[in-house]
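Subject: Structure for your files

Hello,

Here is the structure I said I would pass on. My notes on its salt bridges and surface follow below it.

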Amino acid sequence: MTQSNNYANLPALLTPEDSMKKGELIAEFAKRTEMSGAAANGAVNTIIDIITERLKKGDTVGITGFGTFSVAKRAARKGRNPSTGEAIKIAASKTPKFSAGATLKAAVNPKKK
């Protein structure tokens, strides 16, 4: 099975109710912290900016109980153009990676009695 086939049904599995958008996250953050929407927007954007800047430097960002953001290196490799089947070279690259922490994993997978 090709990788593209692994994710072929992903859009059908993710309904709009399953996905929280950034605006919804900011609104929820504002509500829980009793901040204004503008202040919550600034706070969320600042956190995202800090994590992004650190990853650009090649650093790892760990949030205890939540998880770790890091950068993974992908080696150069050969691939195929899906529309023509022509062999192509795919350049080496870096990609952001997130590993969930134990507390987050436990919250998502509660123990059954």
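**Salt bridges and a surface patch**

R32 is exposed, with a relative accessibility of 67% (exposed means over 50% relative accessible area, buried under 20%, partly exposed in between, with a 1.4 Å probe and protein chains only). Please note that this is a predicted model, in which local features need pLDDT of at least 70 and side-chain atom pairs count only at pLDDT 80 or more, while totals for chains, interfaces and linings use all residues. Residues are numbered from 1 along each chain as its sequence is written, and side-chain values use heavy atoms, with hydrogens and water left out.

R32 pairs with E28 in a salt bridge, N to O 2.8 Å (a side-chain nitrogen of Lys or Arg within 4 Å of a carboxyl oxygen of Asp or Glu). E28 is partly exposed at 28%. Both residues belong to helix 3, residues 22-33, and sit four residues apart, about one turn of the helix (helices are DSSP runs of H or I, at least four residues; strands are runs of E, at least two; both are numbered from the N terminus).

The count by this rule is two salt bridges. D59 and R54 also form one, with 2.8 Å between the closest N and O atoms. D59 is partly exposed at 24%, and R54 is partly exposed at 40%.

I63, F66 and F98 make a nonpolar surface patch of about 240 Å² (patch residues have over 30% relative accessible area and no salt bridge; like charges are joined within 9 Å, nonpolar side chains, Val, Leu, Ile, Met, Phe, Trp and Tyr, within 5 Å; areas are by Shrake-Rupley with a 1.4 Å probe, and for residues only the protein chains shown count as cover). I63 is in strand 1, residues 61-63, and is partly exposed at 37%.

Regards
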